[in-house]
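Below are my comments on the file you sent, as numbered points. Please read them alongside the coordinates.

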2 protein chains.
Amino acid sequence: MGLEKFLEQARSRWMVGDDSADSVAVSTRVRLARNLADYPFPGRAIPAQLEEIEQKIRRWWNTGGLKPLGPTKYIAIKDTAKIERLALAEKHLISPELARQNFGGVLLNEDESVSVMINEEDHLRIQSLLPGSQPQEAWVQASQVDDLFDASFGYAWSSQTGYLTCCPTNVGTGMRASVMLHLPGLTFSGQLPLVLRTISKVGIMVRGMFGEGSEALGNLYQVSNQITLGQKEEDIIEALNRVTEQVISQEKEARQRVAQADEMALRDKVWRGYGVLANARLLTAAEAMEYASLLRLGMDLNYLEGLSSGLFQELLVFSQPRYLQKIFERALSPRGRDEKRADLIRELGKMN
Amino acid sequence: MGLEKFLEQARSRWMVGDDSADSVAVSTRVRLARNLADYPFPGRAIPAQLEEIEQKIRRWWNTGGLKPLGPTKYIAIKDTAKIERLALAEKHLISPELARQNFGGVLLNEDESVSVMINEEDHLRIQSLLPGSQPQEAWVQASQVDDLFDASFGYAWSSQTGYLTCCPTNVGTGMRASVMLHLPGLTFSGQLPLVLRTISKVGIMVRGMFGEGSEALGNLYQVSNQITLGQKEEDIIEALNRVTEQVISQEKEARQRVAQADEMALRDKVWRGYGVLANARLLTAAEAMEYASLLRLGMDLNYLEGLSSGLFQELLVFSQPRYLQKIFERALSPRGRDEKRADLIRELGKMN
């Protein structure tokens, strides 16, 4: 399969982007943790029970359980090559934990906006992943999938606390809603630490996507609800939405300030980033993400034109080590990855 | 006048380069210091005497004194805008000192391979400036011009020491022969200090072109004869040629070694340099020269193709502050120069 064809097929809905979408929010995710009442949580279940759960869900799916979602597919982890699993994780369709297991599975709809992990930490992890900032829409979609399962399976549920989950931090709604934000303006203007501290005081959590510790590669941050117990889903979504909109408007103001302070320096920075991405023969993932962030900022500020709105998301995903190995269909040394990453990014640039 | 047309006219012969030329040697210069017997050296002459010398030479030139050189022009410094003078200096056609004087002049042939400064430190400074390593050819050309003056003017000359010059370091042959070498290989391999020390022991001088102190911008070094007294011109040229050839072969070996040690890293470095030059919106002269050096190395090693062989020389000259001001026909702030430099370099890239 040619690279172009491969990449065509490899794009999830969240990666394709949307020209009307907000330039700060990259994607929104809502996931619901659910468990079947008749079985122990996956961590405490014996292999035969895990197998039974998977068989049960698969039969249900086979007989049209998810038909309202259109075409869907079932991927059994144990039948899937390791590289393929890790690539799914880098597209945020499964967790790295599931990728490492030798049991469990995932159900995906056609545009990969819906994924349901089976026998990860909980029996079911229902996820809706959409481009831009769409907490409400993602909640509606996840909820629709939840209803389909709920109609056929008995959920572990208590009238006092709500949904029962393996980890206490998920008990109640079982919901984690998050928005991935691209915050180069607040980073360059130095305001980010203050903004992050303020957010965390209102029960909203922020962490850098990718990268370790406080270092956020690609200036990407995930904003999500901290509390799952004692709050209604709609209120959580509403609170997340409010905070997200606030950060987005602060980011936009920061971008204007940074651009006004020294527009030529910012243009120069953006164009140099573009020049390196388009010409380097070796690129580490961290570098690729740093320059991809500049590229996205440059597109948002109309400094760069004619690039597709999904390029940034593609750079984020395809820059990751496993994905490269999947694309090039072989194991790669770190140096080999840097080389293939640079090759791939030059190709992406030509296609866009 | 359009930029393209301007640049077309602005190219001296040494800048155009030559595909057959050596990839290490950029240009060769031979200059002869001469004085007229009947006048004090310029530094000790009164204005009326300086004026008389200039008038005499100009009349001689007007009546065909330099006819064998083809079309030539006479530029009187006092009639020339300051910016124009400095631009001539950046093309190495006159010295920065002459550019600052309010008297004196320069005679140029059509391809600017011959220039004769009048009333700089000496009455006459005859220069031949050729692309690549051509000490013998440059000496022949300078000598031919010297003969034309010699036939019409009485030179200050002593049978004991040879030509008399203002500065004792020029007495004898009055000759300074030099080759500009591009030494990125020896720089990257760390061998340069040793090579330079060895050269200086055999009466050949090395200094960084551009830049101050030991820092050589663009990895450019000028190799020249130290001694003018007690040696025949042919012997000086021969010695310079021998040393130059030796350094060139050491540089070529060093490039091979650097390329073999990690070819991908070198390709990456070259291409990133290209990416920045082709996309930056602000470039300092030092950066432009650093990347220009990588570009030239990349062209020599066939990593980059389709660029004209003179691009490196053009980048060196057109990157200099005065030249930019001349091209854009106005005084520029340092920041304005960085901006115009980046604009110009992107244009040069498109034309090449």
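1. Between domain 1 of chain A and domain 2 of chain A, about 2,400 Å² of area is buried, and carbon and sulfur atoms give 66% of it. Please keep in mind that this is a predicted model.

2. The bounds behind that figure come from the domain assignment of chain A, which places domain 1 at 8-256 and domain 2 at 262-351. The C-alpha centres of domain 1 and domain 2 of chain A are 26 Å apart. On the domain 1 side of chain A, 29 residues are in contact with 25 residues of domain 2 of chain A.

3. How many salt bridges are there between domain 1 and domain 2 of chain A? The count is 1 salt bridge. A:Arg255 forms a salt bridge with A:Asp300, and their closest N and O atoms are 2.9 Å apart. Residue pairs in polar contact between domain 1 and domain 2 of chain A number 5, counting pairs with both residues at pLDDT 80 or more.

4. Several elements of chain A give two or more residues each to the side of domain 1 that touches domain 2: helix H2 (13-16), strand E1 (25-34), helix H4 (82-90), helix H7 (184-189) and helix H9 (233-261). Which of the elements gives the most to that side of domain 1 of chain A? H4(A) does, with 5 residues.

5. Turning to the pair of chains, chain A superposes on chain B by a rotation of 180 degrees with 0.0 Å of shift along the axis, at an RMSD of 0.0 Å. This is the relation of a two-fold axis. Of the residues of chain A, A:Gly275 comes closest to the rotation axis, its C-alpha being at 2.0 Å.

6. Do the copies meet through the same surface or through different ones? They meet through the same surface, because 100% of the interface residues of chain A are also interface residues in chain B.

7. B:Asn279 is buried, its relative accessible area being 8%, which is under the 20% cut-off. Leaving aside residues up to four places away in sequence, B:Asn279 touches A:Trp271, A:Tyr274, A:Gly275, A:Asn279 and B:Arg346.

Definitions and conventions. Residues numbered from 1 in each chain as written. Chains lettered and ligands numbered in written order. Predicted model: local features only at pLDDT ≥ 70, side-chain atom pairs only at ≥ 80, totals over all residues. Heavy atoms only, no water. Least-squares fit on C-alpha atoms with pLDDT ≥ 70 in both. Contact = heavy atoms within 4.5 Å. Buried < 20%, exposed > 50% of the residue type's maximum accessible area, 1.4 Å probe, protein only. Domains from an automatic or database assignment. Buried area = accessible area lost by both parts, 1.4 Å probe. Salt bridge = Lys/Arg side-chain N within 4 Å of Asp/Glu carboxyl O. Polar contact = N/O pair within 3.5 Å; in protein donor to acceptor, adjacent residues only side chain to side chain. Helix = DSSP H or I, 4+ residues; strand = E, 2+ residues; numbered from the N terminus.
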